[in-house]
Amino acid sequence: MSSDTTPLLSQQEIEHNFREIAPPLSQAEAILEANRCVYCYDAPCTRACPTHIDVPSFIKKIASGNLTGSARVIFEANPIGATCARVCPVEVLCEGACVEKTLMAKPIEIGRLQRYATDAVLSKQRDVLQAGAPNGKSVGIVGSGPAGLSCATYLARLGYAVTIYERKSLAGGLDTYGMAEYKMSQAVSQDEVAQVARLGVVFKTNTEVGRGVSFAELQQTHDAIFIAVGLGATSRLNIPGEDLAGVYDALAFIERIKSRDWASVPMGRNVAIIGAGNTAIDAVTQARRLGAERVLMIYRRTAQEMPAYHYEYELAKKDAVEFLWLTAPVEILADETGTRVGALRCVRMELEPNNVGGAARRGVRPVPGSEFVVPVDIVIKATGQQKLRAWFEQLPGVELDEGGRVITDRETMRTANPKIFAGGDCVNGGREAVDAAQMGKLAAQGIHESLTGERVEFVGARSSV
Amino acid sequence: MADLSIDFVGIKSPNPFWLASAPPTNMGSMVERAFDAGWGGAVWKTLGEPIRNVCSRLASIDQGPQRMIGLNNIELITDRPLDVNLREIRECKRKYPKHALIVSLMVESKREAWHEIAKQVEDTGADGVELNFGCPHGMSERGMGAAMGQVPDYTCMVTEWVKEATSLPVIVKLTPNVTSINPPARAAVRGGADALSLINTINSVMGVDLDTMIPHPNVNGLAAHGGYCGPAVKPIALNMVSELARDPEVGVPISGIGGISTWRDATEFLLLGATTVQVCTAVMHYGYRIVEDLIDGLSNYLDDKGHTSVCEIIGASTRRVTDWGNLDLNYKTVARIDHAKCIQCNLCHIACEDGAHQCVPFTQIDGKRYPVVDEAECVGCNLCYLVCPVPGCISMVRLDDGQQPLTWRQLTNRQPAPVSGD
């Protein structure tokens with residue numbers, strides 16, 4: 001077979017396939033949609049948003065032609081509002097709570113309106129947030145993903161000197177490297193990073209804490225530290241053949257797509273994705289867009305138990321992905337070269353009758369004698385990210401729970417070490433960007449109170465109810 | 001199907017829907033197309049001494065995505081030669097003998113001028129004349145239009161002049177730019193008017209371009225007030241029509257004008273005392289074709305209500321309009337919210353809280369927070385009912401038994417006469 005980075009489609013076909021799934025609203029569309037909003041008081045959409053953006057307020061500002069004010073309302077509550085406008089699972093958050101969904105089964109397109117407003121200021125670099133007068137204090141942030149960017153923004157607004165340490169070459173974390181390309185491009189994430197940088201936040205990219213710079217140095221340099229490192233590489237399957245050429249980590253696969261250098265993206269005609277979370281969906285939908293002819297999504301439970309959102313599942317179905325439910329991989333078989341993936345041996349699974357020991361999901365067990373082999377060229381693992389347990393060992397006094405998540409105070413995000421705060425996926429185990437943004441906001445409040453004794457409350461720090 | 005035909009002071013019309021004197025009735029070919037579309041009548045754009053117009057002429061206000069809820073214009077009367085208009089009127093009437101063709105007139109305040117033009121119009125075979133005493137812009141600066149309608153003695157005098165010169169029915173079109181509509185209406189009737197039409201347009205400045213800071217419509221950097229019309233003016237027109245319909249000193253048929261876009265609007269005018277209605281802005285927005293639903297909707301409404309003729313509903317609601325002092329102080333309604341329909345937008349709560357009487361607090365019901373009316377505090381103002389976006393969710397429920405009505409007039413008549421301290 002051909003090398004697995006030879007594109008299966010022409011450049012034009014791939015570009016077409018990766019066009020935005022939710023294109024920007026035109027001015028006419030935005031005004032029409034904004035006027036459809038009933039302007040709820042104490043609105044359900046605002047309560048449903050983890051960052052509690054005042055949605056009716058920003059929508060009415062679109063209707064009144066005040067796009068600068070609209071974007072300010074958004075970014076004040078969520079510094080990554082342009083990213084969230086594109087990647088939030090709105091059907092289970094703001095749009096799911098919209099009264100127009102109740103009334104007419106047609107919620108206001110809050111996500112696309114949010115994009116309309118934020119695009120208007122980001123495209124002009126019209127700053128809607130301002131840095132505070134310097135207060136002489138310094139905070140170091142490890143990780144420039146949603147939590148780190150958010151925390152940095154609020155701290156800069158309070159006058160802190162903020163430095164973000166980022167091991168990658170571009171800032172933005174999963175906003176930059178982990179979002180499905182048809183939802184948002186790196187340019188959006190970089191615009192948001194630039195907005196944060198214009199507040200005076202210093203980004204030290206290509207700087208890995210623990211390698212390029214020690215954590216002890218950070219402790220000496222800064223008055224407080226916010227840890228927003230996210231999670232690690234995708235978990236191993238622990239089956240034979242896992243190290244053959246052609247086996248990829250879903251996040252690494254998506255990261256290559258983000259460069260839009262299609263010739264560098266691995267792809268084959270037959271692709272198997274292991275897992276059924278939202279990242280697995282991102283992998284299958286993008287594999288199809290890259291030209292894979294047969295894409296299998298392999299999951300040991302059923303569609304009912306799959307962690308992916310309904311909307312994401314629908315996307316995969318539209319893309320003609322084949323689902324192998326109640327199926328687990330047992331061995332990755334090499335092709336005739338002996339070094340590359342050639343096939344996948346699977347086994348049928350069955351659900352155990354009861355939730356053993358009160359577990360959240362029913363257990364599964366293999367069906368004896370049910371093994372079968374499917375020919376595949378590429379295997380993509382999307383079985384969840386590992387916790388960075390080893391990395392956290394260098395942080396004095398920081399404690400992890402049994403699941404490997406950092407233990408913090410829920411309101412201040414302070415860890416067991418009073419100078420160290422944490423937020424994002426490393427604390428919640430892996431949720432949405434918007435959840436991480438909210439944790440960054442809470443951490444900024446917590447750090448400020450810890451260093452100055454003063455309590456501040458940013459917009460949307462708490463739900464109204 | 002109910003009979004929609006109308007006899008308006010001798011002018012026969014297949015239905016009560018007329019085009020108002022305005023750009024849609026500028027010339028013969030337009031009026032003929034309107035008649036073909038179904039319009040029962042048309043009032044020809046005002047004839048007079050030809051004028052020169054400016055550019056631009058129109059401006060509007062929008063409400064959200066709804067364009068042109070209000071329109072304003074500074075266009076004057078016809079800019080076509082009188083003889084051309086008269087010829088086309090004659091041809092049009094000949095081709096459409098069953099349609100109502102009325103000609104709007106405006107000349108300077110000279111008896112001979114009015115005599116002359118009235119006779120010329122009568123000679124065309126048109127069904128009637130409408131005296132334009134209402135245009136608020138441009139012509140009023142020359143002593144015509146609203147300048148005549150705002151001085152009852154002029155209104156009476158010029159009406160008399162026209163009545164001297166023609167046997168055609170004379171309709172006087174009134175301006176709303178007066179403190180009270182009754183004195184000019186009564187003056188027109190004193191002067192012999194057979195009927196009244198109202199309202200003409202309202203003095204207005206439509207807005208300002210925020211970039212250039214020049215008001216609309218811009219005429220080379222300047223703007224002048226214009227005449228306001230369109231859906232937004234309907235309530236003002238309904239008030240004036242109903243005021244005249246219940247004025248015993250008026251007592252002549254009324255052609256209602258002002259913001260009519262749908263058969264519902266038109267029917268409201270009929271119910272409040274108009275015999276015909278005139279439409280302009282809605283046609284300028286959507287074209288002559290809207291008359292199809294005006295006819296269809298009114299016809300179905302009449303059928304549903306069991307009426308055989310539109311004449312049966314004319315003025316049916318006039319007696320329902322009265323002075324505030326005749327309203328029953330003991331009539332008591334309160335709002336009730338159907339929580340099965342409530343979508344929890346909370347607009348009723350905040351409207352009552354900040355705009356009324358703080359009587360729609362929140363209450364937990366089945367773990368959800370709903371607005372609930374405190375009936376002991378509710379004054380029955382309707383505000384929550386008006387803002388609720390869900391059909392049928394909030395209803396106004398009557399609480400009194402209707403047995404002891406009491407009006408303010410009755411209440412004050414019962415007071416003992418003030419004691420004079422001699």
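# A tour of chains A and B

Select B:Asn382: at 30% relative accessibility, B:Asn382 counts as partly exposed, where buried means under 20% relative accessible area, exposed over 50% and partly exposed in between, using a 1.4 Å probe and protein chains only. Before you move on, note that this is a predicted model, in which local features need pLDDT of at least 70 and side-chain atom pairs count only at pLDDT 80 or more, while totals for chains, interfaces and linings use all residues. Residues are numbered from 1 along each chain as its sequence is written, chains are lettered from A and ligands numbered from 1 in the order in which they are written, and side-chain values use heavy atoms, leaving out hydrogens and water.

**Positive phi in chain B**

Stay on B:Asn382 and check its backbone: phi is positive, about 90°, although the residue is not a glycine. B:Asn382 sits in the loop between E17 and helix H12 (383–387) of chain B. Helices here are DSSP runs of H or I with at least four residues, strands are runs of E with at least two, and both are numbered from the N terminus.

Now jump to B:Asn346, also not a glycine, with a positive phi of about 65°. You'll find B:Asn346 in the loop between strand E15 (333–337) and helix H11 (347–355) of chain B. B:Asn346 counts as buried because its relative accessible area is 2%. Most residues other than glycine have a negative phi, and most peptide bonds are trans.

**Two cis peptide bonds**

Pick B:Cys55 and B:Ser56: the peptide bond from one to the other is cis, with omega near 0°. B:Ser56 belongs to the loop between strand E4 (41–47) and E5 of chain B. Then go to B:His216 and B:Pro217, also joined by a cis peptide bond, with omega about -15°. B:Pro217 is in the loop between E11 and E12 of chain B.

**The four-stranded sheet**

Show chain B as a cartoon and look for the open sheet of four strands, ordered E5-E6-E12-E11, with antiparallel pairing. Two strands count as paired if DSSP finds at least two bridges between them. At the edges are E5 (58–63) and E11 (202–204), each pairing on one side only. From one strand to the next the twist averages 45°, taking axes as lines fitted to C-alpha atoms (for helices, over the stretch in contact) and angles from 0 to 180 degrees between N-to-C directions.

Zoom in on E5(B) and E6(B), which run antiparallel and are joined by five bridges. Here B:Ile61 stands opposite B:Gly70 in E6(B). The two strands make a hairpin with two residues between them, and B:Gly64 in the turn has a positive phi of about 60°. On to E6 (66–73) and E12 (226–229) of chain B, an antiparallel pair with three bridges. B:Asn73 has B:Gly227 in E12(B) as its bridge partner.

**Over to chain A**

Chain A has 19 helices and 14 strands. Its C-alpha trace spans about 65 × 55 × 50 Å along the principal axes. Of its 465 residues, 55% count as buried.

Next, pick A:Phe58 and A:Ile227, which touch the most other members of the largest nonpolar core, a set of 113 residues. Such a core joins buried Ala, Val, Leu, Ile, Met, Phe, Trp, Tyr and Cys residues through side-chain atoms within 4.5 Å. Helix H19 (433–452) of chain A supplies the largest share, ten residues. Leaving aside neighbours within four places in sequence, A:Ile227 is in contact (heavy atoms within 4.5 Å) with residues including A:Val142, A:Phe215, A:Trp391 and A:Cys426.

Finish at A:Tyr182, in the loop between helix H11 (174–177) and helix H12 (186–197) of chain A. Is A:Tyr182 buried or exposed? At 1% relative accessibility, A:Tyr182 counts as buried. Beyond its neighbours within four places in sequence, its contacts include A:Phe18, A:Arg19, A:Asp282 and A:Leu315.
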